[in-house]
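Subject: Structure handover

Hello,

Please find the structure below, with the sequence. My notes on what was found in it follow.

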Amino acid sequence: MSDPAILIEGLTKQYGSTTAVDDLTLTVASDEIYGFLGPNGAGKSTTIGMLMDYIRPTTGSISVLGQDPQRDVIDVHSRVGILPDRYSLYDRLSARQHLELVIDTKRVSESPAALLDRVGLNDVDGQSVGTFSQGMEQRLALAMALVGDPDLLVLDEPFTGLDPHGVRTVREIVHEENDRGAAVFFSSHVLGQVELVCDRIGILHEGRRVVEGTIDSLRAETPVGSDATVEEIFVAVTGGSGQSDEPSSETTQ
Ligand SMILES: Nc1ncnc2c1ncn2[C@@H]1O[C@H](COP(=O)(O)OP(=O)(O)OP(=O)(O)O)[C@@H](O)[C@H]1O
């Protein structure tokens, strides 16, 4: 049996007196699509940062594709496709040049044009990224994550800034990548989309995982009813807290 895509045990990250991630334990199988949810500030991006060794844990252990991100960082980075929550692009370079940089770094042979086509960015040849809209930048960042047919895709808020075509494209790519054999781990506040693509979800609240399972199993174990949406489950288990009383329209798409 293959290693889990992600194995996290007792993971804690402390920033001074703030506990961003609190004794988190979580497993993502090598063939699953896992939605990592939680209110603003719950600790999702911090956890993702620790998976990639961008952030060092205070305590706990992490294995990514059977490897230790601190010890085997080069291997982990070569096998994982990451769309971080904050990324910087080079204003003066084109989308093709960005992809060529990742292709060179990962030492793979891949067609930038085919990657741009997959994310719906086919008419941007020669255009510098400084002229891109937010959605175009997001599509390019996703294409960069796809380079090298990663064994694990880690996507932090992949729907940010995308129009409905882009949202659909992300959903299709997540399914295609999973069909190809990749695990997908993504955070999102767009709960309607999460419901459409995830095999399992985990909900984080104040750094702790409060529930985990298939949507059906969460409906059964949460007092929300057998036809509850992910949004209703989310609100029930996070106490309706978060930054606003009303879920934003983004969460219901
Ligand atoms: N570098 C840092 N220094 C101090 N505190 C930090 C730092 N990074 C994150 N935090 C704190 O850690 C907690 C978790 O933040 P994190 O960005 O992981 O949340 P998140 O779940 O990704 O939120 P969002 O949905 O808003 O993106 C927050 O309280 C945040 O203020």
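I start with the ligand. Both β2 and α1 (44–51) supply at least two residues each to the shell around the ligand. The largest share comes from α1, which gives three residues. Please keep in mind throughout that this is a predicted model.

The residues around the ligand include Tyr15, Thr18 and Ala20, then Gly38, and also Asp85. Sorted by class, seven residues of the shell are polar, three are nonpolar and two are charged.

Next, the sheet. Strands of a sheet pair through backbone hydrogen bonds, and the pairing may be parallel or antiparallel. Here an open sheet is formed by three strands in the order β2-β1-β4, with antiparallel pairing. Because β2 (18–28) and β4 (59–64) stand at the edges and each has a single partner strand, one side of each is left without a neighbour in the sheet. From one strand to the next, the twist averages 20°. Between β1 (residues 6–15) and β4, the antiparallel pairing runs over five bridges. Ile6 stands opposite Val64 in β4.

Last, helix α9, which covers residues 230–237. Which of its residues are buried? They are Val230, Ile233, Phe234 and Val235. After α9 comes Gly239, with a positive phi near 70°.

Regards

Methods. Residues are numbered from 1 along each chain as its sequence is written. This is a predicted model: local features need pLDDT of at least 70, side-chain atom pairs count only at pLDDT 80 or more; totals for chains, interfaces and linings use all residues. Two strands pair if DSSP finds at least two bridges between them. Helices (H or I, at least four residues) and strands (E, at least two) are DSSP runs, numbered from the N terminus. Axes are lines fitted to C-alpha atoms, for helices over the stretch in contact, and angles run from 0 to 180 degrees between N-to-C directions. A residue is buried if 20 or more other C-beta atoms lie within 10 Å of its own, exposed if 12 or fewer, and partly exposed in between; C-beta atoms are placed from the backbone. A residue is near a molecule or strand if its C-beta atom, placed from the backbone, lies within 6 Å of it. Ala, Val, Leu, Ile, Met, Phe, Trp, Tyr, Cys and Pro count as nonpolar, Asp, Glu, Lys and Arg as charged, and the others, Gly among them, as polar.
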